[in-house]
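Me: Could you take me through a close look at one part of this protein? I would enjoy a connected account, with the cut-offs spelled out as you go.

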Amino acid sequence: MNNVAWIGLGHMGVPMSAHLVKAGHKVRGFDIEESAREAARAHGVEVSGSVAEAVRDAEVVFTMLQSGVVVEEVLTGPDGAFAHMPKGSVVADCSTIGIDMARSLHSRAKEHGVGFVDAPVSGGVQGAEDASLTLMLGGDADDVARATPLIEQIGSYIVHVGPSGDGQAMKVVNNAMMGISMAASCEASVLAQRLGLDPQVFYDIVLRSSGDSWAFRNWFPLPGVVPTSPSSHGYEPGFMIDLLHKDLRLATATAEEFDVRLDTARTAMRLFAAASAAGAGKRDCTALALELGARDEPEAASV
Ligand code: NAD
């Protein structure tokens, strides 16, 4: 049994931390939202009143937060985790925060005598619930070795990619592809609908044809076909449009730095940005299909 802290008890954090509770670890959690704290409590997480309290005797501190800015806020500063974790303990950050932020947090962790592993995940809420996530790790071998026995309880494919930042590098590239295929699935589904194709028939055929992708298969954006897709649950997240937009922003900014154009990712990013500006940022990313459908309605087009 280990003492574990879990900061960020949202769509992913709750099901992921619940696996550690089930495996017999003592998990202290913290989130700024009462609804999140309540959900974690229901899964056996001992909820703390602050980050400092949650991490004080933790061997491994997991963070699962929206962005690099939030992770930095939670880890650094006088009330942050780095200042209150026991020396020799390690942070496993499962959030998607980009390469530079991961490397910067890795250096700052060292100054406090603690470790930092970038450990972003792929597989969505379903993967979090099934403990079938893929985790791509970046960091020092000894830190990775300390975090891995716990990480093995929340994922099924775990790879130490390389030094600090390399996990994020993998994730940024993967999510550029996922964001593009999600946008393509939404556009194609709107077209199929407009052509009068039955959504179930459309789905079944594409699944056995060359248009298939992970995003299409798991997060089909028309309701009532894939029971586990957020589209079949009122487009409640899941994976919010604002988070996918953030990932595409990370990918295009990284590509720019390395003189790669990434034009398709840039187009997908613009589509998700427009959906967010229209007020759909907190809906699941499959709701892009609703936004595109409304945008492309014949009456709207003729205005
Ligand atoms: P989420 O918004 O549901 O959860 C984040 C949680 O962090 C929220 O409950 C929020 O209240 C909490 N939080 C914010 N500021 C905080 C603070 N200062 N202290 C403590 N808690 C704070 O997001 P999510 O969907 O769980 O995603 C989390 C991360 O995982 C993101 O970086 C996302 O890109 C990545 N990710 C998400 C999915 C997915 O399918 N949802 C899949 C892979 C990766």
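Reply: Let's start at Ala169, which is found in helix α9 (residues 166-194); helices here are DSSP runs of H or I with at least four residues, strands are E runs of at least two, and both are numbered from the N terminus. This is a predicted model, in which local features need pLDDT of at least 70 and side-chain atom pairs count only at pLDDT 80 or more, while totals for chains, interfaces and linings use all residues. Residues are numbered from 1 along each chain as its sequence is written, and side-chain values use heavy atoms, with hydrogens and water left out.

Ala169 counts as partly exposed because its relative accessibility is 23%; buried means under 20%, exposed over 50%, and partly exposed in between (1.4 Å probe, protein chains only). Its C-alpha atom is separated by 30 Å from that of Ala278, 109 residues away along the chain.

The protein is divided into domain 1 (3-163) and domain 2 (169-293), with bounds from an automatic or database domain assignment. Their C-alpha centres lie 27 Å apart. Contact, meaning heavy atoms within 4.5 Å, takes 17 residues from domain 1 and 16 residues from domain 2.

About 1,300 Å² is buried between domain 1 and domain 2, with 69% of that given by carbon and sulfur atoms. Buried area is the accessible area (1.4 Å probe) that two parts lose on being put together, summed over both. On the domain 1 side, His11, Thr96 and Ile99 supply 37% of the area buried against domain 2, more than any other three residues.

What about polar links? Between domain 1 and domain 2 the count is zero salt bridges, a salt bridge being a side-chain nitrogen of Lys or Arg within 4 Å of a carboxyl oxygen of Asp or Glu. Four residue pairs are in polar contact across this interface, both residues at pLDDT 80 or more. A polar contact is a pair of N or O atoms within 3.5 Å; within protein, one must be able to donate a hydrogen and the other to accept it, and residues adjacent in sequence count only if both atoms are side-chain atoms.

On the side of domain 1 that touches domain 2, two or more residues each come from α6 (99-111), β7 (121-122) and α7 (124-130). Helix α7 gives the largest share, three residues.
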